[in-house]
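Subject: Structure handover

Hello,

Here is the structure for you to look through. My notes on it follow below.

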Amino acid sequence: MASFKPTKIPVYPKLGEKVTQDTLYWKNYKAPVQIKEFGAITNIDFSPVTPHNFAVTAFTRIHIYGPSSQEPVKTFTRFKDTAYCGRFRSDGQLLVAGCEDSVVRLFDVSGKVALRMFRGHTKAVHVTDFTSDRYQILTGSDDYTCRLWDIPNATDLNVYQEHTDYIRCGVTSKLNRDLFITGSYDHTLKVFDARVDKSVMTMDHGQPVESLLLYPSEGLLVSAGGRYVKVWDLLKGGQPLVSLRNHHKTVTCLALSSNGQRLLSASLDRHVKVYSTTNYKAVHNFDYAASILSLALAPDDQSIVVGMTNSMLSIKHRKSPEESREISGQQRRRPSYRVFVKGKNYIPKQDDYLVSKPVKQYLAKYDKQLKKFNVSKALDCALEKWIRLRNPEVPVAVMKELDRRGTLKNALAGRDEQQLSRLLSFLIGNLVDVRFAPVLVVAAEMILDIYRSILGQSPVIDQQLLRMQELLEREIDYQKELVEVLGMLDTMFASSLPKMEVPCSSVSRSNGLSQGEASTSRPQPQVT
């Protein structure tokens, strides 16, 4: 008697992660360095000059870290309350920061004591930035106002009171010292010109605005608020270009790569998304352990720094070419193939005696039941939760084997409500999969034939049957639309092909013969 042959599970192609140039580029970072701060990290800013130190604003302190240091090289603690938005000047020598006590402080990076203290706001100052001429400061506050300050005289130059809610983000133009943009919780973005007393452009984001970013050309503006990241064309009067919704929680900060080709957004959903600025599609994703409040990318893209709500600062440094080569070399130094096949090609000598051990056959649960001809139990074993969710090809292979034996209808019959519901749930999840459809469509038809007489007795089963009907109708509609599109494409391709002229001789349409042939073949009258 022949031995039992286990069910052959076909191997289907799996849709793995597509390896692109972006994947290789953004994965070429070392393991993150984790630094514990004193509170939630609300802002990170890189110095524009080498060695590109970065300032971390957390609770009542601002720490300045070097590009490769794990301890702060400088600390500013002259704040009576929570500090906000510590930012460098374009020469990297001065740093400005707001505070919960409404005072704006200006520091010398090489000193400790504040050089200037700007008083005028009545509530917390969350926005600070330098103008392009280096002699003025922009601030935005929870008192609904934004101000321009003169650094030498420590006085305010202009006060703008156009927002109707907290101002939580702002950015200054690097090409024009008089232009700056603010974003508020009143859902609006306003473009100001210091030469006039009111805003020159207003845009509605639709959500409380959390972050702003200007492209280097300053023709495009990016705003983040709610779950949306929106891109605006300033050269066309603030026309909206793109609205991105890749996060499922509030987007808190934005960053741009050094070449301007990649846009980064971070959110409270613990993800950092990377977009291509040509088509604004997400090309990569970073995951973090906690909600993200701040994000910064080094000017040379050598470091990604992220600040989180759990007071953790995450720093990722790019691998050097030497380290990348070392890692690839270590991967090549794994055990070679000949280690695993050692002894496989051994040729026995004449005096050798081979003692063979019988190979024990291990069968899966469903194969054991098939061996006993328990077809219903075999199908139940194949439909166990961890099998049908992780390896749906196993239940499909068992159904195919039962159909080959002619016992699939017997295996599907005689089931209670719970077993039938589990079977229908599997069909709904995999019926329209092109890999499984030929087998599952047969099983679905058998189920309808068997249980047609008991329809209406179980609301759970009836609901699942309605879902399966809707699924099939939707799939049929998709197929019809695809066939129509295919017909359109065929027509377009046919019309775009060059027309070829077919050479034809002077053939008479009446008899298909040429004129010469017609004249010679015509019979001549006889003269008597």
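**A residue pair and its sheet**

In strand β12, R147 is the bridge partner of T139. Strands here are DSSP runs of E of at least two residues, and helices are runs of H or I of at least four, numbered from the N terminus. This is a predicted model, in which local features need pLDDT of at least 70 and side-chain atom pairs count only at pLDDT 80 or more, while totals for chains, interfaces and linings use all residues. Residues are numbered from 1 along each chain as its sequence is written, and side-chain values use heavy atoms, without hydrogens and water.

Strands β11 (residues 136-141) and β12 (residues 146-150) run antiparallel and are joined by 5 bridges; two strands count as paired if DSSP finds at least two bridges between them. They belong to an open sheet of 4 strands in the order β10-β11-β12-β13, with antiparallel pairing. Its edge strands, β10 (125-130) and β13 (155-160), each pair on one side only.

**A second sheet**

Another open sheet of 4 strands has the order β22-β23-β24-β25, also with antiparallel pairing. Here β22 (251-256) and β25 (282-287) are the edge strands. Over 5 bridges, β22 pairs with β23 (residues 262-267) in the antiparallel sense, and L256 stands opposite L263 in β23.

**Confidence**

The chain has a mean pLDDT (the predictor's confidence in each residue, from 0 to 100) of 87, and 89% of its residues reach 70 or more. Over residues 507-521, pLDDT stays under 50, and the model has 5 contacts (heavy atoms within 4.5 Å) beyond four places in sequence for them.

Regards
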